[in-house]
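Student: I have a structure open that I have never looked at before. Could you walk me through it?

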Amino acid sequence: MRRGAVLQLTVFGLAAGVITTVVALYPHWLPPTASEQADRIGYVFWYATIICAAIFAIVAAVLAYSVVKFRAAPGDDSDGAPIHGHTGLEIAWTAVPFVLVTSIGIFSAIVLARNDRTGDNPVRIDVTAQQFAWSFKYPQNKNLATNVLRLPVDRPARFTFHALDVIHSFWVPEFAQKQDAVPGIDTHLTITPNKVGTYPIICTELCGLGHPLMRNTVIVMPQRAFDRWVKGAGAALSGPGAGKSVFTSQGCGACHTLQAAGATGKVGPDLDKLPEEAKKAGKPLDAFVRESIVNPNAYVAPGFPKNVMPQTFGSLPKAQLDALVQYLVESSKGAK
Ligand code: CUA
């Protein structure tokens, strides 16, 4: 090949390479990462992206060169010279992609295997998904239950997912991984958060009308702060004032009004009016309150739709459920 042709191909290739690299780097296509698994997935992503950018630059350079070099002169209607295949080229464009694609596959398999490792001492978390909320339990801490997930930083967390109705999917963009929660089977995921912070938990499987509202929060905190929270939350959920702590930690106030807790939610029935509702339903107050928490569709207050209140609260540890019922009975009786 002439020196001029090589020079032209090189210039086109470099130009295409630079443009592709800029598009790959800006804007930032992915959220910042906050877990070891996300970092490993990032390595695979960039490995594949660099290969793609290099191949694109080569193809674009040859294409641009051909357009310039071999374009027909005005008025030239003659046929091009007949050509036949090029064995060397054909072997190259089969062998090189084979090696590259195989290497991406091997790299991905290694990352998947590493990402599933839990180490000796993972935090175990039971996740229950239901239209339309996530709830979390810590089986190593007396099944401490919460709606705001808390994780210690730099320690693997092993999740077990259950779904009570339809398929949901757990996703924290900063953790990069997704895992479906499927009725009837347990699914698992390991996450090792490596940055302290607060991140959104998003349901990423269309699961019904409330799907876009199925969002919770995860707070990643230093191990000592996590231990303190577990201790404090555990004590708050069993000692005096336990009912109010359950009410707060389960997020009841987001949808309900209750003077005693300073809650002003308007999505669900006003809990200060529980005694009147119990009368309408024809049930004793504490039985009515318990049933409305465990099986919210048994009696739905007039004017409110069915299936909006999550049916997950029946899985609260019994002591917490008892405390919540007692708290609601007493607070609503005391309300004016
Ligand atoms: Cu649950 Cu979408």
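Tutor: We can begin with the whole chain and then turn to a few single residues. Please keep in mind throughout that this is a predicted model.

Student: Okay, how many helices and strands does the protein chain have?

Tutor: The secondary structure of the protein chain comes to eight helices and twelve strands.

Student: And what is the radius of gyration of the protein chain, next to that of a compact globule?

Tutor: The protein chain has a radius of gyration of 30 Å, whereas a compact globule of 336 residues would be near 20 Å. Along the principal axes, its C-alpha atoms fill a box of roughly 95 × 50 × 35 Å.

Student: What share of the residues is buried?

Tutor: Buried residues make up 38% of the 336 residues. As for the surface, the protein chain exposes about 19400 Å², and carbon and sulfur atoms supply 65% of that area.

Student: What about contacts between residues at least 24 apart?

Tutor: If you take the contacts between residues at least 6 apart in sequence, 64% of them join residues at least 24 apart.

Student: Switching to charges: how far apart are the mean positions of the positive and negative ones?

Tutor: The protein chain has 30 positive and 24 negative charges, and their mean positions are 7 Å apart.

Student: Let's zoom in. Where is Gln140?

Tutor: Gln140 sits in the loop that runs between strand S2 (133-138) and strand S3 (144-146).

Student: Why does Gln140 count as partly exposed?

Tutor: Gln140 counts as partly exposed because its relative accessibility is 42%, and that class covers values between the 20% limit for buried and the 50% limit for exposed.

Student: Which residues does Gln140 touch?

Tutor: Leaving out residues up to four places away in sequence, Gln140 touches Pro122, Val123 and Arg124. With Arg124 there is a polar pairing, in which a polar atom of the Gln140 side chain lies 2.7 Å from the backbone nitrogen of Arg124.

Student: How far is Gln140 from Thr192?

Tutor: From C-alpha to C-alpha, Gln140 and Thr192 are 17 Å apart in space, and in sequence they are 52 residues apart.

Student: What is the phi of Lys142?

Tutor: Phi of Lys142 is near 55°, which is a positive value in a residue other than glycine. Lys142 is also in the loop between S2 and S3, and Lys142 is classed as exposed because its relative accessible area is 79%, where the limit is over 50%.

Student: And what about the phi of Ala176?

Tutor: Ala176, although not a glycine, has a positive phi of about 70°. Ala176 lies in the loop between strand S6 (168-171) and strand S7 (178-181), and its relative accessibility of 34% makes Ala176 partly exposed.

Student: Last one: is Asn297 buried or exposed?

Tutor: Asn297 is buried, because its relative accessible area is 17% and buried means under 20%. Asn297 is in the loop between helix H7 (285-294) and helix H8 (318-334), where, not counting residues up to four places away in sequence, Asn297 touches Lys306, Asn307 and Gln311.

Terms used: Residues are numbered from 1 along each chain as its sequence is written. This is a predicted model: local features need pLDDT of at least 70, side-chain atom pairs count only at pLDDT 80 or more; totals for chains, interfaces and linings use all residues. Side-chain values use heavy atoms; hydrogens and water are left out. Helices (H or I, at least four residues) and strands (E, at least two) are DSSP runs, numbered from the N terminus. The radius of gyration is taken over C-alpha atoms; the globule rule is 2.2 Å times the number of residues to the power 0.38. Buried means under 20% relative accessible area, exposed over 50%, partly exposed in between (1.4 Å probe, protein chains only). Contact means heavy atoms within 4.5 Å. Accessible areas come from the Shrake-Rupley method with a 1.4 Å probe; for residues, only the protein chains shown count as cover. Lys and Arg count as positive and Asp and Glu as negative; His and the chain ends are not counted. The place of a charge is taken as NZ of Lys, CZ of Arg, CG of Asp or CD of Glu. A polar contact is a pair of N or O atoms within 3.5 Å; within protein, one must be able to donate a hydrogen and the other to accept it, and residues adjacent in sequence count only if both atoms are side-chain atoms.
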